[in-house]
Every structure is written in structure tokens, then in C-alpha cells.
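Trainee: I have a model open and would like to learn how to read its contacts. Could you walk me through them?

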Amino acid sequence: MAQTVLQQVLILSAMMMLGFLLGKLGKVDRKGADLLSMLLLLDVFFPCNVLAAASGDFGDMPFSQVLKIIAAYLSMFILFTYLAKPIAKLMGLNEDETLVFTRSVGYPNNGFVGIPLCTAVFGTEGTVLGSLSVPCATIYMFLFVMQSFRRDKEQDLGQQIKSLMTPLNISTLAMLVMLATGWKFSGAPLQFLSSMANCVVPTSMLIIGCLLAGSPLIDVLKKPILYLITLLRCLVMPLIAAVILRFTGWNRTVCLCIVMVLGCSVATVISIFGVRYDRSPEMASKSVLQSNLLLPVTMPLMMFIAERIL
């Protein structure tokens, strides 16, 4: 498994490097990368990927198991956040730094990195298992990121909830209905969804590479606190999850897929909200950047250890 993960991570890294090259050559600028990520990846390719995966044959997983996996994801996000709090206190971080530190440790990039990686390693089953983290990530983002980072607490709640009604979240809800009822797409609709889904992995990696091209890479490697965030986010926390999951009695593939999602780099949302609400924006942006840079090292190492735990 570790060798397979390493191979897939290297392939994804090569795609990322191609995006980095395109960004450095000026073929795709930051505005273009943002347009690709919002318009195509999040609003088209990802929803198609989720619906196509829900139509696949990945075994007879009961819906009760689906709900347990969703609960496990959300529980881990919250657990990681609270485990990071005493560490932030010991380091003497201020309020904004503590906020960024704990959320960076607690919130993995399940979308841009987790689902594509699960798809590459575990196939259709991996796509479904990875996609089950989407509703959890949405709840976590709303309760622990949006509500915590905002300085204006009087913002209309209705508008905040409306902002969560994205194509990806809607397609995930549709996936849950499909898993509960057994209904699936077939024929031409499924072929269309599958063809669009094939664009998820390369598009995700190219976009990340383009975004890295416009970032100060050398500066990111000079700050010790960023290494601590990456260590906790990509190694320590997912391995704690592996120890807990060992006692659930769940299928080993299910556990490994959950751990893989939980071992991904810091969610890009942390950077977005850190900058938007001026919550230690430098730490927020650079924690996302460094954890992505070191992912080709941390992910295979973490999965190698997780295999032996599970």
C-alpha cells in the first residue's frame, strides 16, 4: 500500500509541477487558476465525480455504515482542533495565531487533495469514501472556521447558510440519497458523469501548482512553526485517528481511506479566511503552502505507518 501511495503521490506531484511551470511561464495566472478552481473544478468536475462514484459498484455497504463514517470524519476534525489548543497555549501564541494554528491542524484539504488521492489509490470506492468527508468539512467550516474567523458577528445568518449551497455540497447530499435508496445513474448519463469525473485529478493538481508558482517558496521553509503545523496536520493527527479506527472493526480499506483524507495538507479555506478577516494571514497562507510542498514526503510516510497500525 505505501508503495502504491508513493507512486500515486509522485504522479500527482508531477502534475503539480506542470502547473507550477505553467504559472512561472505566465501561461496561467492567479486569476485564471481561481477561475478554473471555482467554475470548472468545484462547480462541474467535482459534482460529476461524486455522482459518478455513487453510481459505481463498490460493495454492499449499509447506509448505517455511511452515517458512521461521516460521524467519524466530523469527530476527528473536532478532536484534532481541541488537541491543538494546549499546544498553541504552550507556545504562547496570541488569539489570531491560535485560531489559525488550531484550524490548520484540524482541517485537512479533503477536496482538492483528499478526494483525488483517494480516487487514484482506491478507485471508485475511494471516491465515495473520500466524498463522505464533504458534508463534515462543510459543517466544520461553518461552525469552526467561518464563525470563528469573522470579526463582524452580526452578519446575516441566512446569507452564510446560502453560501454553503454549492454544487459540490448539493451533489454530496444527492450521493447520500443515492446510497440510502440504491438508485444509480446508468447508460449515457453515467458515461457523461464519468468522462467529466476523469478531469478532477489532473485539474486539481494543475491548479495547486499554478497557485504555488505565485508564492514565496523559500520563506515558507524558514519558519519552525510551519513545520510543527505540517507535522501535526499530516503525520501526528491522522496516526492518532488510525489508532482509534483500529478498534472500530471496520473494513481495512475504509479505515485507510479515512486516514488518507485526514492526512492531507491544510485546507485552502484557512488561507482564504485568514486573509479575508486579517487573522494572522501570513501564518494562514504559509501553512497551506508548506503542507502542500511537503505532502509527497508526509503522505507516503504516514500511510506506511498507518498500514502497520491497522
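Mentor: Gladly; let's begin with helix packing. Helix α3 and helix α8 (residues 167-181) pack with their axes 9 Å apart, at an angle of about 145 degrees. Axes here are lines fitted to C-alpha atoms, for helices over the stretch in contact, and angles run from 0 to 180 degrees between N-to-C directions. Helices are DSSP runs of H or I with at least four residues, numbered from the N terminus.

This is a predicted model, where local features need pLDDT of at least 70 and side-chain atom pairs count only at pLDDT 80 or more, while totals for chains, interfaces and linings use all residues. Residues are numbered from 1 along each chain as its sequence is written, and side-chain values use heavy atoms, with hydrogens and water left out.

Trainee: Which residues of α3 and α8 make the contact?

Mentor: Contact means heavy atoms within 4.5 Å. On α3 the residues are Phe63, Val66 and Ile70, and on α8 they are Leu176, Leu179 and Ala180.

Trainee: How do I read a pair of aromatic rings?

Mentor: A pair of aromatic rings is described by the distance of the centres and the angle of the planes. Rings of Phe, Tyr and Trp (its six-membered ring) pair if their centres lie within 6.5 Å; planes under 30 degrees apart are stacked, over 60 edge-to-face, and the rest tilted. The count here is 7 aromatic pairs. Phe77 belongs to α3 (residues 63-90) and Tyr140 to helix α6 (residues 133-149), 63 residues apart.

Trainee: Is Phe77 buried or exposed?

Mentor: Phe77 counts as buried because its relative accessibility is 0%. Buried means under 20% relative accessible area, exposed over 50%, and partly exposed in between (1.4 Å probe, protein chains only).

Trainee: And how many salt bridges does a search of the whole structure find?

Mentor: A salt bridge is a side-chain nitrogen of Lys or Arg within 4 Å of a carboxyl oxygen of Asp or Glu, and the search finds 5. Among them, Asp96 pairs with Arg279, with the closest N and O atoms 2.7 Å apart. Asp96 lies in helix α4 and Arg279 in the loop between α14 and α15, 183 residues apart. Arg279 is buried at 7% relative accessible area. Glu95 also bridges to Arg279, at 3.9 Å from N to O, yet Glu95 counts as exposed at 62%. Shared partners join Glu95, Asp96 and Arg279 into one network.

Conventions. Helices (H or I, at least four residues) and strands (E, at least two) are DSSP runs, numbered from the N terminus.
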